[in-house]
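The sequence and the coordinates are shown first, and the description follows.

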Amino acid sequence: NSQGCKLSFDEHACRGDSYVDDGVAIASGGDGILVCGSPGEVSNDVTFRHGDSFYLDPDAVRLTNRLWTDNVARSVWSHLSIRANDQLRQRVAFALNQIFAVVKPYFGPSEVYINFHDIFMRNAFTNWKDILREIAYSPMMALNLSYLRSKSMAYVKETMDQTSFADENFAREIMQLFSIGLIDLNLDGTPKLVGGAIRESYTNEHIRSFARAWTGFTRQSIRGNFEAKDSNTNRVDPMKIVPEWRDRFPKSNLYGGYLGDGYPLCTDLPARQFLKKGARYRLLGSSALPELMEDDTRFENRLVLNSTGTSPGLYDKLCAPSSGACTFPMNVLIDNNIECTGVECEVDTVRVVSVAGFFYEYIQPACVEQPFFENGVKLNKDEDNDDPICGNPLLPIATSACCENPMSGTIDAISDNRYDIERMTFDTMKARCAALEGRTACEYDRV
């Protein structure tokens, strides 16, 4: 919800202490906190009355608090759908809610239901793709159709030594109930025939393939400014993706190709894509941790950008100065190619950059990484040399490891990086190593 975000310097904007998210200590508070409201959330207006009147069934009030809460959601919806001025939007949203249905027991507090219904209020006059995207990221839909925390077969096998298929429920329903239906249709609505028989829209093979695309989704961390009642889970905010849980293998589409068809190969992107027209950045505020990528919290040294003082560079695009001070726009789209300056010319890509003390995350364009490639190199995920992975030497996917004599039996290596956990191509690593008194790339089993 970047449209609802702002950079706040109020010391009370967020908690000043640290909290734990999935076992990882996360610091909060400090200068330049990025504060984001929920989609459609507005600030209080003191000229409005402090409340409104809703009908509540006295029997429900006398019963359990759960029944009372359910009736609140029903009363709020009835109140708005009948009295709101945008009656067409209200009715379209109601119709959409009947299609993308979530069963009642999963809701609980009234705000959870109202937040889910607001998806259809926002998108009543947009398009089907936008609706599908929002409901796919809804924790309520993920709970209802059981793909919440679905994990790839490879992850389950590697971590638990078990064989488990990705959950197929949502992959089936998004086709059968939410989009193309069971029968493949012509443009005039008549069924397509193959050899005189009606052609089905998809098969079980398609379902199994698409199910792997819906792995990795989990809830966002709990926060304090929405109605949660006794629950310690976030059922309001769009879900996040855990990269380790995702299925990384190719997925076939409905037409004999693959889901990535039409996107460029990652190896075909131009050098230093982060400086090219179309590159995108999003503001992180005073936090150096990216949100669309996973970085270890121990790494804080980011690529620092400086103003060239002459032609506008990446610094100036992100700073967006006005009256001598940076305005820090929330989202930045590079509208023309930028010439690299200084350290920008030494790196293959960036993750998070520092601009006048604040941080921006680079959003890499969508591209396809092929699972099979030539001249692959072994990559080590940690210091224990366990579970090696194979990497494409043409892509900036690993940091450097330079040794004096790769065959000497030593395990000492020097990493020559321009920022913490810098990713580079294999050729860039070899050039960095050669500049370190003639060092070479370490042999994998000796690092």
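## Basis of the description

The structure is a predicted model, and the description that follows should be read with that in mind.

## Strand β9 and its two partners

Strand β9, which spans residues 280–285, is mostly covered, since five of its six residues are buried. On one side of the pairing scheme stands strand β15 (residues 358–363), with which β9 pairs in the antiparallel sense over five bridges; within this pairing, Gly 285 stands opposite Phe 359 of β15.

Strand β9 also pairs with strand β13 (residues 331–333), again running antiparallel, and here three bridges join the two strands. In this second pairing, Arg 282 has Asn 331 of β13 as its bridge partner.

The pairing of β14 with β15 is antiparallel and comprises four bridges, among which Ser 354 finds its bridge partner in Phe 359 of β15. The strands β14 and β15 form a hairpin with two residues between them, and in its turn Ala 356 has a positive phi of about 50°.

## Disulfides

How many disulfides does a search of the whole structure find? The search finds five, and three of these links are described here, beginning with the one that joins Cys 266 to Cys 367 at an S to S distance of 2.0 Å. Cys 266 has a relative accessibility of 10% and counts as buried, because the cut-off for a buried residue is under 20%.

A disulfide is also formed by Cys 319 and Cys 326, whose sulfur atoms are 2.0 Å apart; the torsion about the S-S bond is about -100° in this case, so the disulfide is left-handed. Its two cysteines fall into separate accessibility classes, for Cys 319 is buried with a relative accessible area of 4%, whereas Cys 326, at 22%, counts as partly exposed. In the disulfide that joins Cys 340 to Cys 345, the S to S distance is 2.2 Å, and with 105° about the S-S bond this link is right-handed. Cys 340 is partly exposed at a relative accessible area of 24%, and Cys 345 is likewise partly exposed, at 29%. As for Cys 390, this residue is exposed, with a relative accessible area of 54%.

## Surroundings of Ile 198

Ile 198 is found in strand β6, which comprises residues 197–198. When its neighbours within four places in sequence are left aside, Ile 198 is in contact with Ile 183, Pro 191, Lys 192 and Leu 193. Of these contacts, Ile 183 is 15 residues apart from Ile 198 in sequence, and the C-alpha atoms of the two residues are 7.3 Å apart in space.

Is His 206, in terms of its relative accessibility, buried or exposed? His 206, which lies in helix α9 (residues 204–211), counts as buried at 15% relative accessibility. A polar atom of the His 206 side chain lies 3.0 Å from the backbone nitrogen of Thr 203. Not counting residues up to four places away in sequence, His 206 touches Asn 253 and Leu 254.

How values were computed:
Residues are numbered from 1 along each chain as its sequence is written. This is a predicted model: local features need pLDDT of at least 70, side-chain atom pairs count only at pLDDT 80 or more; totals for chains, interfaces and linings use all residues. Side-chain values use heavy atoms; hydrogens and water are left out. Buried means under 20% relative accessible area, exposed over 50%, partly exposed in between (1.4 Å probe, protein chains only). Two strands pair if DSSP finds at least two bridges between them. A disulfide is a pair of cysteine sulfur atoms within 2.5 Å. Contact means heavy atoms within 4.5 Å. A polar contact is a pair of N or O atoms within 3.5 Å; within protein, one must be able to donate a hydrogen and the other to accept it, and residues adjacent in sequence count only if both atoms are side-chain atoms.
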